[in-house]
Amino acid sequence: MSRLRRILFVDDSPRDTELVLEALDEYNLANEVVVLRDGTEALDYLFRRGEFADREDGEPVVILLDLKMPKVDGLEVLRQIKGDHKLRVIPVVVMTSSREETDLAQSYQLGANAYVVKPVKFGEFFEAVRQVGAFWALLNDPPPGSIRGDSQSG
Amino acid sequence: MKRVKEKNNSRTQEVGVDNKPSGVFLQQSGQSSHLATDNASKTPADSELASASYQKLFESVPGLNLILSPDFRIIAVTNSYLAATMTEREGIMGKGIFEVFPDNPNDPNATGVSNLRHSLETTLTTKKPHTMAVQRYDIRRPGDDGKFEVRYWSPINTPVLDDKGAVEFIIHRVEDVTDFVALKKVQGEREEAARELKDRTRQMEVELVLRAQEILKTNQLLAEREHVSEQLQSLVEAMPDGVLVSDEEGRIVLVNATSESMFGYCRGELLGEHVRTVLLDIDSSLKEEILIRDGQCLTGSASETTVWLFGRRRDGSEFPIHVAHGRLERKEGRMDILAIRDMTDLRRAEAEIHASEARYHDVLDNMFEAAQILSYDWRYLYLNDAAARNGRQRKEEMLGRTVMECFPGFDETEMYRVLKECMDEKKRIAQDFEFEYADGSVVWYAFSIQPVAEGLFILSLEITDRKMVEAETQRLNTILDQKVRERTAQLEAANRELESFSYSVSHDLRAPLRHIHGYVDMLERATRGQLSDKAQRCLSVISSASIEMSQLIDDLLSFSRMGRVEFFHNVVSLDMVVADSIRALESEITGRNISWTISPLPNVLGDPIMLKHVFVNLIGNAVKYTRRRDLAEIEISCYAELDGQTVISIQDNGAGFDMKYADKLFGVFQRLHRNDEFEGNGIGLAIVQRIVTRHGGQMWAEAEVDRGAKFSIRLSPPTGTPALAGDGI
């Protein structure tokens, strides 16, 4: 059984979170998912501030980021991640309800690695999350320093 | 020294002619007897006289005579000639006359020999007597000193003809006029007593000599002059001006052809008539003109005077003429030469010009615009009534005064500066001016300033009302601008609000739907096999309702976006758009039996993504509404209209619709079919129409229930997009 990879899931919606976790659980990815409920928490976690000042070492292999969140929104979180020389190597997948082109364009401009519109149909949503999780957490070679237990074996 | 003096010295030439000898025959001494006498015709006296006696007789004849042979040798001479020329008969007989009487070598201007030779030769040629002018012909003194004495002669040479008419002899007769010519010397000695005589003599002498010389020249030129005279006559005849010549009494002595036709008279009718017959008031006019002329031109250089008169034709009609007058003073009397030109046409033209000028003047005086002419020293040279009204002064008070006098302080105004510029640089300027009167009132004038010879010609029109309207318009425009700006800001704000709203709809409305769907799905998984069929169906309905709701939201957002987003303008190949659209509809087409007829389509200018949306929708409809046909027929065709626009049609043999509902076709959420017949939400065509409209095109549909529908789009050629100009569409 392969070692789990840490996935950062940033979304203010508990329902979406439950649905995403349900989907990831299918692939046994759920245990390593760190759920953060808004942009502030996400930045605190990534920059080891506040309640996350003493969090365990290692960076997530992928960040699943919602855009529309209270306080600090997803685009701001993305800007700070991609503006930090250490964090910017972490793949960021924008997962949002928005089909607005401006969101899409801005996300890619700020350096998002993928942009996924959350489908309404649960089946499609489930499939999307599953594929995103599988690709980024299982198949993609993460940058050095990421938490991927078997990456050293080679 | 002895001289023979003739009694009558004043008319030498006549004396010579009168004394012409006739029937004098000589016997040349030293030569064979030469008797020209016809014995049969001899008078008794003749026969009694011996030839020697004749010779004696001849030699004694008073008067200075030589008989010359045709080769100008001296064959007889009178005693008085010998005495007058200080010669001896023996010394000169048989000798040539020029040998005996050579020119004075001390007088370089001596003409004696040449003139005498010419006269003698003329006599030989013409066989007629030839009178020479008074001739200075100096005579050599006898003796050895060889000195010459000044002598003046008046000679006449007369030929003597033989039976055959040939010249046999020439009688050379002269008068010694030396004393007469030299009389002044004598007179000089008695100066005090005879001054008058002396003067007269001098005058006479000079006149005599000059006149004599003139006659000689005149004689020589006579033949030539006759020829010239003929030419002059034909020139006068051919002159385009009428020519009349009148004598001292004003009687016409010459008429040319132009005069004849001008006055309608024959030449014969006019000759001898007074010029008054055809020239009215000619006497007084000419008199006046000539007086004026003579008074002005003391030098006498003016040879011509011109006057305007009226001429009268033979039929009594009168017409304006212009007469040039020349006067010829001759000893025979005065002659007036009149060159006449018919001025009827010119006078008429002048009258017309005058009338026209008067008319313009009248118009200028009375026209609505103010007109004025300013001199270069700023004086009013002309003002029309309107200009005086504008000046608020009487015209008479303004004329001749300067603008500064009429309007104190004028030289500090902008108007002055501009007018000065026009004067200095001869510039034309049209400009509006605000003019402040002494009472403080302000009036606007539109000035049109034009430099003319006298200074400036200025047309002005009061435009105060117009200026006020302009100012009001300006004010209103400013307000309007402000309002437009405010409204634009409001609209921009509303637009931003709408965008924000759309964003919320897009994001926030979709999330609950997703949750509904997601949790129903989880519920189904959790209760698999435990729910009744009815409960199972309820969950299924909830799930599909959420899907429909999601689709509605997407379409509404899309419709809204069509009105807002910026369109790209590219050259788009409709062939490719149609092919892409059909490919996008693959899932709907799969398993269907469709016959496609697709014509080659043109390129148009537009937004490729939007145009694809249009065709996906229209072709999709055609596919959808032919679903119940065993063989669906879909035709995509196009034609070009005269103005270059393109109409593209998509026709099917599907369900069609009732044309009485056609107006609902493009409304949002409007449907012509029930959902259980053909699914749909009634937004598709509304979006399509909005896209077509935003491309500057039109869209319409024709259909018949159960026979099919035909949707057409007219796409305009793009305007105001320079990049397109060269692109073929």
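Helices (H or I, at least four residues) and strands (E, at least two) are DSSP runs, numbered from the N terminus. The model described here is predicted: local features need pLDDT of at least 70, side-chain atom pairs count only at pLDDT 80 or more, and totals for chains, interfaces and linings use all residues; side-chain values use heavy atoms, with hydrogens and water left out. Residues are numbered from 1 along each chain as its sequence is written, while chains are lettered from A and ligands numbered from 1 in the order in which they are written.

Chain A contains 5 helices and 5 strands. Along the sequence these follow the pattern β-α-β-α-β-α-β-α-β-α. Of the 154 residues in chain A, 53% are buried, where buried means under 20% relative accessible area, exposed over 50%, and partly exposed in between (1.4 Å probe, protein chains only). Contact means heavy atoms within 4.5 Å. Among contacts in chain A between residues at least 6 apart in sequence, 65% join residues at least 24 apart.

Chain B has 24 helices and 26 strands. Buried residues account for 38% of its 729 residues. For contacts in chain B between residues at least 6 apart in sequence, the share that joins residues at least 24 apart is 52%.

A nonpolar core is a set of buried Ala, Val, Leu, Ile, Met, Phe, Trp, Tyr and Cys residues joined through side-chain atoms within 4.5 Å. The largest such core has 44 residues, and those with the most contacts inside it are B:Val614, B:Phe615, B:Leu618, B:Ile619, B:Phe657, B:Met699 and B:Phe711. Elements of chain B that give two or more residues to this core include the helices α20 (533-564) and α21 (574-584) and the strands β25 (698-704) and β26 (708-715). The largest share, 8 residues, comes from α23(B). Leaving out residues up to four places away in sequence, B:Phe711 touches, among others, B:Leu618, B:Phe657, B:Met699 and B:Trp700. A second, separate core of 28 residues includes B:Trp378, B:Cys406, B:Ile429 and B:Ile449.

At the interface, 21 residues of chain B are in contact with 23 residues of chain A. The two chains bury about 2,100 Å² between them, 56% of it on carbon and sulfur atoms; buried area is the accessible area (1.4 Å probe) that two parts lose on being put together, summed over both. B:Tyr503, B:His507 and B:Arg514 supply 32% of the area that chain B buries against chain A, more than any other three residues.

Between the chains there is 1 salt bridge, defined as a side-chain nitrogen of Lys or Arg within 4 Å of a carboxyl oxygen of Asp or Glu. This bridge joins the side chains of B:Arg514 and A:Asp16 (2.7 Å, N to O). On the side of chain B that touches chain A, α19 (464-526) and α20 each supply at least two residues. The largest share of that side, 16 residues, comes from α19(B).

B:Thr527 lies in the loop between α19 and α20 of chain B. This residue counts as buried because its relative accessibility is 15%. The side chain of B:Thr527 reaches the backbone oxygen of B:Leu523 at 2.7 Å.

Notes:
Polar contact = N/O pair within 3.5 Å; in protein donor to acceptor, adjacent residues only side chain to side chain.
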